[in-house]
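Colleague: Hi! I'm new to this one, could you walk me through it?
Modeller: Happy to, here it is.

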2 protein chains.
Amino acid sequence: MPPRRPPVEMASDSDSENEVVLQCLSCEEEYDPKDAGTCKECYDEAKEELKCKNKELEELKCKNQELESKASFLSLSSPVLNHSFSFSTGLLLLLPADDSSASPIPAHKNILVNRSPVFKAMLESDMSESQSGMIKIADVSCETLRAFVNYLYTAEACLNDQMAGSLLALGEKYQVKHLKTYCERFLISKLNWDKSLELFDFACKYNCKQLRNESLAVIMNNMTSFTKNDYYDDLVESNPMLIVEIYETYVRNQINTAGFH
Amino acid sequence: MPPRRPPVEMASDSDSENEVVLQCLSCEEEYDPKDAGTCKECYDEAKEELKCKNKELEELKCKNQELESKASFLSLSSPVLNHSFSFSTGLLLLLPADDSSASPIPAHKNILVNRSPVFKAMLESDMSESQSGMIKIADVSCETLRAFVNYLYTAEACLNDQMAGSLLALGEKYQVKHLKTYCERFLISKLNWDKSLELFDFACKYNCKQLRNESLAVIMNNMTSFTKNDYYDDLVESNPMLIVEIYETYVRNQINTAGFH
């Protein structure tokens with residue numbers, strides 16, 4: 001809707017004296033009293049209501065996309081349309097490579113094969129894991145591994161910052177794309193200036209395009225405090241090229257903005 | 001919004017001559033030209049737009065519910081939260097009992113156990129199917145059985161009237177509730193007067209409450225043609241009690257309606 005303007009009451013200089021002409025707040029055309037619709041209050045209310053409905057629609061559409069993608073992740077290759085049906089059967093045991101005291105977690109081969117192309121390649125070949133019936137996973141806590149396996153069965157996880165990071169890393173390693181997106185969405189929802197630099201580094205490491213863009217945008221909006229970010233010194237040390245990239249982006253943006261004015 | 005009334009232009013008998021007072025089509029209150037909002041055309045358009053948005057919202061909410069239920073059906077009991085985790089492994093063969101030439105369809109035990117409490121009871125006990133690794137299913141065509149197994153893996157099926165009926169019957173037999181609802185929704189979407197009596201009979205047989213109510217409503221609206229329905233004579237013969245029930249409902253409705261007037 002176009003911007004609001006006050007109605008015009010015109011003291012006409014035409015034949016009919018005292019003629020009233022009104023201006024519609026929506027289409028901005030003038031109209032006669034006989035063509036009047038609503039008062040301003042109702043117009044404002046209706047505009048507000050429409051805005052709310054549009055927001056609700058957007059949210060539902062997002063939710064719908066998430067559910068579509070969840071159902072698609074949980075769907076299994078079927079023995080009937082069997083181009084990629086897995087005849088793998090039996091249980092495997094998964095355990096953290098660095099924790100010999102952890103209880104192994106059982107999982108069905110056919111589920112692992114369906115959820116991860118990496119497990120598929122591993123289990124449908126003669127790799128040692130396929131022979132031994134055991135998969136040792138490096139750099140993972142027992143808790144994270146349990147959450148990972150649970151996700152492969154249910155597409156659900158109880159996340160906090162740390163768990164989201166660890167699961168995303170596993171999602172990247174085993175190419176469980178849906179899990180990566182799930183964790184990335186969580187991290188974006190928690191993004192703020194304090195975390196932005198660390199998350200930018202993390203996003204670059206694990207190929208998370210959206211998280212990368214979002215955290216970079218937060219950094220760009222806070223460049224005056226950039227060097228004061230808690231993670232700045234760490235990153236200068238561990239990956240100075242990323243710091244350089246951020247400065248380059250900042251300067252490029254400034255040039256572009258200047259160019260437009 | 002309240003029903004539309006034309007705006008009132010009042011030739012006032014008060015002090016100020018030619019005063020114009022308008023009536024809002026939405027709240028029905030009178031207002032001064034200085035408080036005017038929109039013209040009638042824009043009001044009508046906005047009303048129509050809101051109606052469309054509401055319809056769209058309803059449809060999205062339904063779709064959302066369907067997707068929630070689909071994802072929940074496809075979710076598997078996990079080895080981590082393992083109250084009902086199935087350690088069943090291996091493949092089974094399913095085949096139509098009445099067609100010895102049909103190719104058996106392989107299916108993973110853990111999928112069958114997850115999707116159907118009937119299969120679960122069958123395969124986690126010492127029943128003969130569990131021993132033989134083969135499940136023969138009576139009264140089913142090879143095509144329907146393939147669609148059934150495919151549904152257990154994907155929660156999807158390509159339906160027509162006949163396939164929906166056959167799959168619903170299997171859903172009832174093996175207590176695959178999600179499949180029943182899926183087929184029932186399809187049959188309701190295709191419901192008309194010609195099919196209503198047959199579908200009412202079908203719904204009673206397979207405990208489909210919603211289909212039963214919807215088909216009964218169609219019958220009630222067409223009672224003058226009741227005996228002319230193609231399925232009437234068949235049903236009088238095969239299940240006269242259902243015919244009696246329909247007549248009883250009709251008369252009860254008439255008494256209730258009369259009572260209200």
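Modeller: One term to start: contact means heavy atoms within 4.5 Å. This is a predicted model, where local features need pLDDT of at least 70 and side-chain atom pairs count only at pLDDT 80 or more, while totals for chains, interfaces and linings use all residues. Residues are numbered from 1 along each chain as its sequence is written, chains are lettered from A in the order in which they are written, and side-chain values use heavy atoms, without hydrogens and water.

Colleague: Thanks! How many residues of chain A are in contact with chain B?
Modeller: 61 residues of chain A touch 61 residues of chain B.

Colleague: And how much area do they bury between them?
Modeller: About 5300 Å², with 69% of it on carbon and sulfur atoms. Buried area is the accessible area (1.4 Å probe) that two parts lose on being put together, summed over both.

Colleague: How many salt bridges cross the interface?
Modeller: The rule finds 2 between chain A and chain B, taking a side-chain nitrogen of Lys or Arg within 4 Å of a carboxyl oxygen of Asp or Glu. E56(A) and K61(B) form a salt bridge, at 3.7 Å from N to O.

Colleague: Switching topic, which strand of chain B does β3(A) join?
Modeller: β3(A) is joined by 3 bridges to β3 of chain B, residues 36-39, and the two run antiparallel. Strands here are DSSP runs of E, at least two residues, numbered from the N terminus, and two strands pair if DSSP finds at least two bridges between them.

Colleague: What stands opposite A36(A)?
Modeller: That's C39(B), in β3(B).

Note on methods. Helices (H or I, at least four residues) and strands (E, at least two) are DSSP runs, numbered from the N terminus.
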